Amino acid sequence: MDLLLRVEDMSVTYRNREKSVYAVRNANMEIFRGDSIGIVGESGSGKSTLAMGLLRLLPQHSAEVTGRAEYLGKDLLSLSENEMNELRWKNISVVFQKAMNSFSPVHRIGSQLIDIYRVHFPKAPKKEILERAEETLRLVNLGERVFKMYPYQLSGGMMQRVAIATALLHEPDLLIMDEATTALDVVTQGQILKEIQQMEQRLNTTRIMITHDMSVVAASCSRIAVMYAGEIVEQGGVKEVFRAPAHPYTAGLLGSFPSLRGEVKELTSIPGTLPDLSKLPQGCVFAPRCPKATERCRTEAPATRIIAPGRTAACHYAGGGNHEA
Amino acid sequence: MLKYVLKKLAFAVFTVLLVMTLNFTLIHLAPGSPVDIIIGPDNQDPALRAALMETYGLDKPVIVQFFRYIGQLLHGNMGSSIVFHTPVAEMIGSKFAATFMLVFTAAVLALIIGAAMGITAGRKEGGFLDKVFSYTSYTFNAMPSFWLALMLIILFATTLRWLPSSGMVTPRAKFTGFRYTLDVLYHMVLPLLTLLLLRIPGYFRTTKSSVLQVNSEDYITTLRATGMSEKKIFRKYVLKNAILPVVTSFGMSMAFLIAGVSLIEIVFAWPGTGRVMLTAINQRDYPVLMGVYLIMSIMVALTMIVVDIVYAILDPRIRY
Amino acid sequence: MNRVKKILRTIRDDSQLMFGCIGICIMLLMIVLAPVITRWPGDYYGPDSLAAPGVNGHILGTNHMGQDVWSMVVYGIRTSLKVAVVSACISGLIGIVVGGVAGYFGGIVDRIVSEIINVFMMLPTLFLVLLVVSLFGNSIFHVMVVIGLTTWPSNAKLMRAQALSLRQRTFVISARTMGETKLQILFRYIIPNGIFPVISNTTMRMAGAILTEASLSFLGLGDPTVVSWGQMVYDGKAYMTQGWWVCVFAGLAIVLTVLVFYMMGDGINHVLNPKYAKGGKK
């Protein structure tokens with residue numbers, strides 16, 4: 001398999017006059033072509049910040065991004081603005097959560113599609129663009145009639161489809177979906193997830209799926225990265241991680257997510273809330289909420305270790321560690 | 001669209017009726033009899049009094065009086081000046097053009113300049129220009145209109161002697177044609193400058209915060225993610241979205257402007273409705289005062305209709 | 001004790017709030033110390049007519065009647081603050097009740113009240129104010145009441161928006177299911193929780209009231225029995241060429257006072273509005 005994106009020690013820090021918020025810390029990730037990786041975590045865990053950092057869409061004056069993010073050998077974080085713009089949408093595109101707000105409310109959808117298309121092909125004739133747009137719209141079961149419409153004339157689900165179609169205009173290698181199906185009802189969500197997977201197979205797209213919903217990951221991803229308080233605490237294949245979570249936080253998340261198949265379990269929730277990211281605890285960030293935390297967890301931050309081929313976890317006791325329990 | 005315009009028209013009519021009702025209520029609440037307020041306490045002409053009693057049905061129940069009053073107003077009869085015995089409509093009408101010229105020019109220029117400043121500042125928030133604009137507009141916003149007018153007179157007329165301090169034309173010059181126009185423009189500079197300095201801050205603030213707001217909208221982030229140039233994003237998408245609240249504030253600002261212009265006309269002896277109003281205040285000429293209030297309100301209501309239609313053209317969400 | 005400390009820190013952290021508070025403290029001090037910091041009472045007519053600043057101990061000069069400008073400026077604070085506070089409080093109270101009722105009761109009441117608010121927000125209020133003052137007599141009491149009665153719509157609009165969002169909140173819904181009456185809920189939950197934007201707006205309106213009072217005085221509709229800055233500008237206007245100081249200093253007093261209230265209002269808004277409180281300040 002060929003490596004598409006390698007994230008190395010990437011950190012994002014928000015700074016203002018009063019304090020620094022360490023929103024993402026030392027994230028490491030390898031994403032191969034054709035993968036679909038789900039990044040999960042509670043809101044505030046830094047998953048969106050990580051994605052926005054990769055896309056270089058964070059406010060420059062307040063967010064400091066360090067580390068490397070190699071996309072086919074080019075470091076996204078140190079490219080010039082022009083080089084980055086070259087990659088945007090043609091190679092890497094994104095779908096945001098609130099599709100209704102992803103389009104200017106006072107311009108027709110068609111006009112916006114044309115503008116977006118022409119970013120990379122300034123001379124493309126209108127007819128050609130609309131034909132291409134229609135093709136992508138058909139992938140999400142929409143027709144060319146949306147060209148003449150304004151966003152407010154479509155439902156949330158339809159706008160989400162338009163947003164996805166727009167992201168696929170140039171058949172990008174990498175598609176980032178930031179809570180892109182969260183606002184939809186379960187039926188529409190399932191339908192869209194299925195369509196996306198079919199499309200991916202055809203176009204060989206790689207997808208990063210940011211969500212707080214484990215079931216979305218289970219239904220549509222091949223790999224998973226769990227984030228907690230700005231750190232990637234566990235990574236691995238979806239099947240392996242779901243079968244045997246190595247990090248107590250992952251276990252907690254899975255405990256609070258109802259299994260569709262299998263016996264009925266009592267749902268457990270994780271007590272406590274996210275720590276204040278401007279002053280982090282000394283040891284493991286999850287220790288204050290961890291049911292299995294020991295003295296060591298509270299004083300020594302665990303390193304991220306490879307616990308099995310293609311699987312990492314940041315827990316002292318992961319992968320055959322000696323948890324008493 | 002038609003439904004929308006009709007709704008706005010109904011709103012305007014409602015406004016004007018409300019002002020009429022207020023006027024009526026005030027006449028009846030004020031100390032002294034309504035007749036005295038309408039024709040003045042010094043006028044004891046019994047024939048006139050009888051005629052008034054008849055027209056407004058002053059011996060009838062209040063509700064009848066109310067409808068007669070509104071009826072008279074709808075026929076364009078706003079009563080006569082207590083002092084000059086000329087119809088109020090005529091008095092205000094003859095001075096209205098001068099006021100309108102000043103207000104309209106100021107409104108449009110303030111909108112253009114204020115919006116331009118707001119856009120500049122909004123694009124580079126915290127930059128040098130933003131700071132300069134913000135502080136100056138904050139200060140000008142705190143100035144009483146008449147005082148600013150006086151200060152400008154002290155500076156430009158009394159001290160520097162660049163501009164005339166009062167009037168609309170040079171007395172006894174008897175200019176005609178183009179020279180006349182130039183003379184009027186020359187006299188208009190200071191009153192116009194005062195109005196602009198007072199109104200630009202409002203547009204500046206609205207535009208700036210609107211640009212900042214739009215800049216943080218999701219769709220702008222999406223456009224950035226597509227690699228579109230900042231220039232294009234700004235010219236096509238930020239601008240059109242950001243200008244909408246500014247258009248709305250144009251209507252609102254009209255009310256301030258119209259109130260402000262009266263005071264400024266007084267300071268500059270500009271021959272508009274402000275002068276009429278001042279004389280009326282000094283003479284307690286109530287029919288004229290009420291007339292001014294009514295006419296100004298109608299003017300605001302009409303502006304609002306135009307603004308609403310422009311808004312509907314710009315924002316597709318309104319047209320349904 | 002802790003609370004006081006916390007409030008003081010909040011004030012220190014927002015420069016606008018700090019300047020606003022300092023400004024108001026200075027004004028209050030000047031009112032209290034008026035007899036100490038001025039040599040003549042505000043209504044003293046001295047022998048020096050139109051004395052330039054500095055002449056015969058008149059720091060800011062005198063007007064055509066021989067009144068000391070500095071004394072008048074100092075005694076004028078009292079009038080301005082009185083007008084500001086009384087009229088803004090009237091406006092705030094009406095706005096809170098009307099807006100709260102409209103937003104919380106909803107339905108037809110809300111629609112009618114909102115339309116009325118919209119109409120009043122766009123009407124040129126100054127004309128109404130001067131009409132009323134000229135009809136009912138130009139005492140400072142009338143001026144204050146009328147300004148209060150004509151400026152409530154902006155407060156009502158803010159309160160209405162607050163009430164609209166608050167009535168969806170759990171604690172209001174639970175109070176309703178507990179059987180509390182609409183009025184009880186309005187006064188116990190909606191108004192106390194939604195009052196903050198109105199407070200900031202009321203502070204801004206104080207500045208507006210000062211400007212309106214000045215305008216009325218300038219039109220000759222001020223109360224002749226009190227010292228008013230607007231009145232001073234009006235009187236000084238005729239003698240502008242011989243004595244610029246009367247107009248200039250009286251007007252500067254207005255500008256500074258209005259600025260103090262603006263800063264206070266902005267500062268309160270920054271502190272109470274969560275949108276500003278989180279993202280740090282600009």
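The following questions and answers treat a predicted model, in which local features need pLDDT of at least 70, side-chain atom pairs count only at pLDDT 80 or more, and totals for chains, interfaces and linings use all residues. Residues are numbered from 1 along each chain as its sequence is written, while chains are lettered from A and ligands numbered from 1 in the order in which they are written.

User: How many helices and strands does the secondary structure of chain A come to?
Analyst: Helices (H or I, at least four residues) and strands (E, at least two) are taken as DSSP runs, numbered from the N terminus. On that basis, chain A comes to ten helices and twelve strands.

User: Which strands of chain A stand at the edges of the open sheet of eight strands?
Analyst: The sheet has mixed pairing and the order β6-β7-β8-β3-β9-β10-β12-β11 in chain A, where two strands pair if DSSP finds at least two bridges between them. Two strands have a single partner strand each, so one side of each is left without a neighbour in the sheet, and these are β6 (92–95) and β11 (305–308) of chain A.

User: Which residue of β7(A) is the bridge partner of V94(A)?
Analyst: Four bridges join β6(A) to strand β7 (residues 174–178) of chain A, and the two run parallel. In β7(A), the bridge partner of V94(A) is I176(A).

User: At about what angle does helix α1 of chain A run to β8(A)?
Analyst: Axes are lines fitted to C-alpha atoms, for helices over the stretch in contact, and angles run from 0 to 180 degrees between N-to-C directions. Helix α1 (residues 47–54) of chain A lies across β3 (36–40), β7, β8 (206–211) and β9 (223–228) of chain A. Its direction relative to β8(A) is about 145 degrees.

User: Is V7(A) buried or exposed?
Analyst: V7(A) is found in strand β1 (residues 3–15) of chain A. A residue is buried if 20 or more other C-beta atoms lie within 10 Å of its own, exposed if 12 or fewer, and partly exposed in between, with C-beta atoms placed from the backbone. Because V7(A) has 23 other C-beta atoms within 10 Å, V7(A) is buried.

User: Which element gives the most to the side of chain C that touches chain B?
Analyst: Two residues are in contact if their C-beta atoms, placed from the backbone, lie within 7 Å, and 36 residues of chain C are in contact with 39 residues of chain B. The elements giving two or more residues to this side of chain C include α5 (107–122) and α6 (125–136). With nine residues, the element that gives the most is α6(C).
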